[in-house]
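The following exercises are to be worked with the sequence and the coordinates at hand. Each task is followed by a stepwise solution.

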Amino acid sequence: MLYHFYEMNHAALVPLRAMADATRLFYQHPFNPMSHTQAGRSIAAAAEVFERNTRVYAKPEFGLHETVVAGQRVPVQDKVVWEKPFGRLLHFERATPPRHGQDPRILIVAPMSGHYATLLRGTVEALLPYADVYITDWTDARMVPITEGRFDLDDYVDYLIEMMRFLGPDTHVVGVCQPAVPVMIATALMEADEDPCAPATMTLMGGPIDTRENPTAVNRLAQEKGIDWFRDNVIMAVPFPQPGFMRPVYPGFLQLTGFMSMNLDRHMTAHKDFFWHLVKDDGDSADKHRGFYDEYNAVMDLTAEFYLQTVEEVFIKHSLPKGEMMHRGKRVDLTAIRRTALLTVEGENDDISGVGQTKAAQKLCINIPEDKRVHYMQPKVGHYGVFNGSRFRAEIAPRIVDFALTHGTTHAAAALPRKAAAPKMESLKPETAATPSENAKSAKAAESLAAATVVPAEVKKPATPARPAAKAKPAAKARPAAEAKPAKAESRATMSADAKPVKPAAKPAQPKADKPTAAAATQDEPPRRADNDQPARAPEAAPAPADPVTPAKAAARPKAAPRPVQKKERRKPVAPQGPQKLRMVTAASPRSPTRAAANAAAPAKTAEPAAAAPAKEKVARGRKASTDPKATKGKTGTRQNRRTPRAGKRTLTSRR
């Protein structure tokens, strides 16, 4: 009956709301002189406050039409990609730049606790620049006909599993508030079945995993009243003429009343401030109030079976932390979660899910490796600030994106190593064609194989026990079995050729039987130089650089004597060319080193007696030449040009 009375009340207030709206328009009209007075603005503000408090708020729109990706502003469009009677999946499709790689795919599970999914508009907006975002959009229960059947907590979990299978592997799930419990259940079921579509990461934000930790007023109410009280007092039938007529639901207006009664003084202060913002004509502050309460006052109904099962299992029995949670008659085993990484986020001032309730998931999922666990508590935020607001955008959202980038495998910036492609055999040298089985041989077998190697007589000398190992056996340790045991080398070369995966189109270059690879002689030891990589000499000689030839060819090739060391001759300085030559020859200062070098080289090039004239005679001839009009033709007449040795030579000053 209460639901019917609520609907009748709203119907009776329709004329009063229309009158209040007309009054507001009249006293806000610019042609009305009263609109510029404080009395007129007060009347308009009172009328707007009354109309907003008695309004039935419809479902808002997301209104996200653009975002910034890689520094570019791109359009965004939300599309329905999966749908069922009680919920659908929205995809925020971005027109990313052409060369932009694949971003991590994040599924945001919106709470089904009285508000629409649009309450997470800020969450979606903060993640859009860095991820491919999907969100669950639950349907108002009073809008679903009763012929569509039931929808309880088990159906909620089934919906989540179907959505994750629709999205595919490497999906990152973010459960906000109430969905933290069904997200854990769905992940545990998929992990137990070894489903490849199990989420890569699971982020739980402000969720009631274990309400025994720091219980809040909501938790205490559920414990005090019991499930029978909720069934008798808060479950009502949808009134006519709604599409879900006669469906038993938990009305959204009751949930809104409970939320507001928890912080009634704060909401009353907010509405009083809103009134004075309107009187003072503070439009920005008034718009912020409208935006928040348009979202906060828009509520939806929940099915009775879902609400009662959630209250009983989560808030009264604590079935999940006790290990007693059941799904379709099957016990949920949280220890089955092994591959999914876990991130838990809490707010310091959360008055709905107390501190420690979400962190309890870290204790329940004991088989998740330590390097896949992260817990973060955000200071100075309440329940709403955990998933929205400036602190969420600055401190929580970057952690969610970084967690997805760290533990994802298919996006462009995946941090985990990917499966390496099979290398082409023709591009590998014989020395690098060794298999892991060869590298696993013992060091004792390597020494015995090297000792059996045949060495030419002119090189092999008996090693003295007193000689240091660094000088006596630097080359003999790495000598391959090129002559001693060709059969064993042949079998190892065959193993190395068969062990490496080869593409069908490639032609592998398999080594012949008489040419064993150098990798056959190397075991667990680091790579060393072979005898055929350096010229034949005594063991105490200094090692020469490695020669990239095959061991068999080097063994058959006659040993050459070491090359004599040639001293490098110093190159003579090259005469400058081009502009550099011009700059050096025409230097103005007679003490310049380049000028002195040019004067010193002049006697070698010409045999005229004038080259040995004293400096005073040269200066005199230079002054006489400067007075000759023919000699000074083409010169600027500057002092620097008069000092130039050659009258017809262009200088840097003249070129400028």
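**Exercise 1.** Determine which residues Leu204 is in contact with, leaving aside its neighbours within four places in sequence.

*Solution.* Step 1: contact requires heavy atoms within 4.5 Å. Step 2: by this criterion, Leu204 meets Gly175, Ala180, Val183, Met184, Ile209, Leu342, Leu343, Thr344, Val345, Thr358 and Ala361, once neighbours within four places in sequence are set aside. Step 3: the model is predicted, and local features need pLDDT of at least 70, side-chain atom pairs count only at pLDDT 80 or more, and totals for chains, interfaces and linings use all residues. Residues are numbered from 1 along each chain as its sequence is written, and side-chain values use heavy atoms, with hydrogens and water left out.

**Exercise 2.** State how many residues the largest nonpolar core has, and which have the most contacts inside it.

*Solution.* Step 1: a nonpolar core is a set of buried Ala, Val, Leu, Ile, Met, Phe, Trp, Tyr and Cys residues joined through side-chain atoms within 4.5 Å; buried means under 20% relative accessible area, exposed over 50%, partly exposed in between (1.4 Å probe, protein chains only). Step 2: the largest such core has 61 residues, and Trp138, Met184, Leu204 and Ile209 have the most contacts inside it. Step 3: elements that each supply at least two residues of this core include β5 (132-138), α6 (180-192) and β7 (201-205); helices (H or I, at least four residues) and strands (E, at least two) are DSSP runs, numbered from the N terminus. Step 4: apart from this core lies another, of 35 residues, among them Leu90, Ala126, Met205 and Phe387.

**Exercise 3.** Give the strand order of the open sheet and identify its edge strands.

*Solution.* Step 1: two strands pair if DSSP finds at least two bridges between them. Step 2: the nine strands follow the order β1-β2-β3-β5-β4-β6-β7-β13-β14, with mixed pairing. Step 3: β1 (66-69) and β14 (373-378) are the edge strands, each pairing on one side only. Step 4: β2 (residues 72-84) and β3 (residues 87-94) run antiparallel and are joined by eight bridges; Lys84 stands opposite Gly87 in β3.

**Exercise 4.** Is Arg94 buried or exposed?

*Solution.* Step 1: Arg94 belongs to strand β3. Step 2: Arg94 is classed as buried because its relative accessible area is 12%. Step 3: a polar atom of the Arg94 side chain lies 3.4 Å from the backbone oxygen of Ala131.

How values were computed. Polar contact = N/O pair within 3.5 Å; in protein donor to acceptor, adjacent residues only side chain to side chain.
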